[in-house]
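Here is a friendly walk through one protein model.

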Amino acid sequence: MAKQTSEGSATNATASHPARNSLRRILALVRKESWQVVRDPSSIAVGIVMPMILLILFGYGLSFDLKNLPVAMVIEDSSAEARNAVSGFELSPYFQTHRVMTMAEAQRLLMNKTVNGIVRIPPQFARDVEAGTAEIQFVVNGSDANTARIALGYAQGAVGIAAARQMAEGKMVSNGATIELEPRLWFNAANDSTYFLVPGLIVLVMTLIGALLTALVIAREWERGTFEALFVTPALPSEILLGKTVPYFVLGMLGLALSVIGSQVLFGVPLRGSLWILVVVSTLYLLVALGIGLLISSLTKNQFVASQITLIVTFLPAMMLSGFMFDIRSMPYAIQVITHIFPARYFVSVLQTLFLAGDIWPVILPNAAVLAAMAAVLMTASVFATRKKLG
């Protein structure tokens with residue numbers, strides 16, 4: 001009787017602590033999956049070696065053509081000479097002009113990344129033209145060095161066209177007065193394209209680890225039947241998924257740390273924003289990537305199919321449709337709309353802002369909110385898809 005009482009008490013104690021039992025099962029699954037990751041050379045290669053390789057390969061400048069570059073026009077002189085100078089920008093196919101009243105308003109638009117540059121016609125511009133000392137100030141966002149470099153060339157061309165038109169109309173003074181452009185680069189004074197490319201590499205690293213690697217490993221377990229073998233255990237589907245993803249989350253954060261350190265040591269890319277904000281936003285994107293990998297593997301159960309789908313919906317958009325390599329504003333409007341469904345677009349915007357501009361909350365908060373919503377939806381969908389397989 002005493003023995004039965006003891007066994008009954010133990011059973012009641014176990015049943016009275018479901019949270020403790022759940023945590024014990026999750027830790028056991030995490031421990032098992034961690035050992036599997038450590039014993040898998042491919043996982044170590046993707047999590048540790050790949051970030052450094054990508055930093056080295058993509059840490060060089062690329063040249064791209066641009067059109068419809070948004071610029072704010074601050075016109076402080078109402079003379080005919082000022083209007084002629086402005087027309088060089090307004091009639092150019094490379095610029096999309098937005099007139100504002102003050103320089104402060106233009107700077108706010110530049111900080112919020114609504115525009116990429118500011119064209120300022122100073123007061124008494126017409127008098128300076130007559131004196132031969134006229135200048136037009138052109139402030140350009142230098143966080144994208146390639147865009148800034150091309151924009152400067154376009155601006156010089158626009159000013160040159162305006163000056164040639166003025167001379168052809170006989171409005172230039174006889175002493176050979178010309179209009180000069182005074183360029184300034186914000187956020188990237190050295191005009192180094194590495195400053196723009198290296199932060200975007202973190203997106204590729206997190207995508208490889210979070211989505212592609214997770215989808216392949218989980219799909220491989222589906223093929224071998226080891227994943228389904230876990231269903232006969234007391235572990236819930238949510239506990240199984242959590243135990244499977246925690247090691248890859250840690251691996252992804254390790255890749256983030258290596259990428260940030262490499263950007264500082266190898267290329268000297270500044271981190272002007274908060275490191276903690278970078279960690280929080282990177283965590284949100286990594287959860288999104290993990291959710292995508294889990295969902296695809298649960299639906300396909302095949303390594304080859306999972307790898308192809310993951311490549312199409314995550315890695316390729318992260319390279320081509322996120323703003324990492326190509327300016328989204330230069331894409332056709334239909335493609336610009338499509339880019340909103342890819343999480344890499346929001347992560348790239350936050351990374352470039354944190355590294356090169358600082359803690360610009362009008363850019364960080366909306367993008368982080370979208371990533372958080374995506375992470376919640378994808379994780380919930382992953383659990384639901386796995387639960388459906390149990391029925």
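## A word on classes

Before we sort any residues, here is how the classes work: Ala, Val, Leu, Ile, Met, Phe, Trp, Tyr, Cys and Pro count as nonpolar, Asp, Glu, Lys and Arg count as charged, and the others, Gly among them, are polar. Keep in mind, too, that what you are looking at is a predicted model.

Across the chain, pLDDT averages 80, and 84% of the residues score at least 70. Which element has the lowest mean pLDDT, and which the highest? Helix α1 (residues 2-15) has the lowest, at 46, while α11 has the highest, at 92.

Two stretches call for some care. Residues 1-15 have a pLDDT below 50, and beyond near neighbours in sequence this stretch has 1 contact in the model. Residues 172-176 are also below 50, with 8 contacts in the model beyond near neighbours in sequence. Where pLDDT is low, the predicted coordinates should not be read in detail.

## The largest cavity

The structure has 3 cavities of 30 Å³ or more, and the largest of them holds about 70 Å³ of space. Its lining is made up of L110, M111, K113, N141, S143, F187, Q352, T353, A357 and I360. Two or more lining residues come from each of α5 (103-111) and α14 (343-357), and α14 gives the most, with 3 residues. By class, the lining of the largest cavity has 5 nonpolar residues, 4 polar and 1 charged.

T353, one of the lining residues, sits in helix α14. Is T353 buried or exposed? With a relative accessible area of 4%, under the 20% cut-off, T353 counts as buried. Leaving out residues up to four places away in sequence, T353 touches K113, G358, I360 and V363. Two of those names, K113 and I360, also turn up in the lining of the largest cavity.

## The second largest cavity

The second largest cavity has a volume of about 60 Å³. Around this space you'll find T207, A211, Y285, V288, A289, I292, V313, T314, F342, P343 and A344. Helices α8 (194-224), α11 (275-300), α12 (303-320) and α14 each give two or more residues to the lining, with α11 giving the most, at 4. How many of the lining residues are nonpolar, polar and charged? There are 9 nonpolar and 2 polar residues, and no charged ones.

## Nonpolar cores

The largest nonpolar core has 60 residues, and the members that touch the most others are I202, V203, L204, F347 and F355. At least two residues of this core come from each of α3 (41-58), α8, α10 (237-265), α11, α12, α14 and α15 (361-390). Helix α8 gives the most, with 17 residues.

Take L204 as an example: setting aside neighbours within four places in sequence, L204 is in contact with L54, F315, A318, M319 and F324.

## An arginine in α8

Not counting residues up to four places away in sequence, R220 touches Q36, D40 and Q303.

Technical notes:
Residues numbered from 1 in each chain as written. Predicted model: local features only at pLDDT ≥ 70, side-chain atom pairs only at ≥ 80, totals over all residues. Heavy atoms only, no water. 1 Å grid on protein atoms, 1.4 Å probe; cavity = no way out; pocket = protein on both sides within 12 Å on 5 of 7 lines; lining within 4 Å. Points joined across faces, edges and corners; volume = space filled by probe spheres on them. Buried < 20%, exposed > 50% of the residue type's maximum accessible area, 1.4 Å probe, protein only. Contact = heavy atoms within 4.5 Å. Core = buried A, V, L, I, M, F, W, Y, C linked by side-chain atoms within 4.5 Å. pLDDT = per-residue confidence, 0-100.
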